[in-house]
Amino acid sequence: WSDFVYASHSRNYEMWRDRRVASKGIENIAEEGVTKDLVSEINSEIKEETVLDQVMGAWIRKATEGATSSPKEDLCVDKSHPFVSGIGMLAPSPDWFSGVYKLRLFDRETRFWYQKIEVNVYAWDAGTEGGNDYSFKNDPKNENISPFKAGSTEDAVFVSVDKDNNNLQVLPVGTLTFELQESSKCG
């Protein structure tokens, strides 16, 4: 895994999502694990006030069971910016990544912040390079294709057979955990 990039934001910001063409920042993190352009894109959104905060989580050298990555600082959220989105590269790969987009950390019904949220995350293909195996060297795609879940096509890298009914099923590649820290100081 590359470094992870997380942002807290309003509903008006989209770091990435299903069926949206990848920005240059998303392309660079998905293909090479380089975060610079994505951080620059986020900083521009901070100036526009659609993003409140961004933090980095350390890369994972060997992703085995129990491997973790934690940001060195807390991610600030508020009622105007109750969503979190994040991304990290799956390596080696042509342009695969994992993460979460527009995860709401505030419960609108109870009007309280969730104390803890755990969410399974899946492999996504950024649609910026060809290739269907664990390789860095692939030809760029000539047309922009929107991200899609890896395994939802014929390239079954992250798919297994459900033994009960013999169907293919996409498997999660990890779990993200977000915990409320009452002592967090924003700004």
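**Aromatic pairs in a predicted model**

Ring pairs join Trp-16, Phe-97, Tyr-101 and Trp-124 into a cluster. This is a predicted model, where local features need pLDDT of at least 70, side-chain atom pairs count only at pLDDT 80 or more, and totals for chains, interfaces and linings use all residues. Residues are numbered from 1 along each chain as its sequence is written, and side-chain values use heavy atoms, with hydrogens and water left out.

Reader: Happy to start with the rings: how many aromatic pairs does a search of the whole structure find?
Author: Rings of Phe, Tyr and Trp (its six-membered ring) pair if their centres lie within 6.5 Å; planes under 30 degrees apart are stacked, over 60 edge-to-face, and the rest tilted. With the whole structure searched, the number of aromatic pairs is seven.

Reader: How many residues apart are Trp-16 and Trp-124?
Author: These two form an edge-to-face pair, 5.1 Å centre to centre with 70 degrees between the planes. Trp-16 sits in the loop between β1 (4-9) and α1 (24-32) and Trp-124 in strand β8 (residues 123-125), so the pair links distant parts of the chain. Helices (H or I, at least four residues) and strands (E, at least two) are DSSP runs numbered from the N terminus. The separation of Trp-16 and Trp-124 is 108 residues.

Reader: Why is the pair of Phe-106 and Trp-113 edge-to-face?
Author: Their ring centres are 4.9 Å apart. The pair is edge-to-face because the planes stand at 65 degrees.

Reader: Is Tyr-6 buried or exposed?
Author: Buried means under 20% relative accessible area, exposed over 50%, and partly exposed in between (1.4 Å probe, protein chains only). Tyr-6, in strand β1, has 8% relative accessibility, so Tyr-6 is buried.
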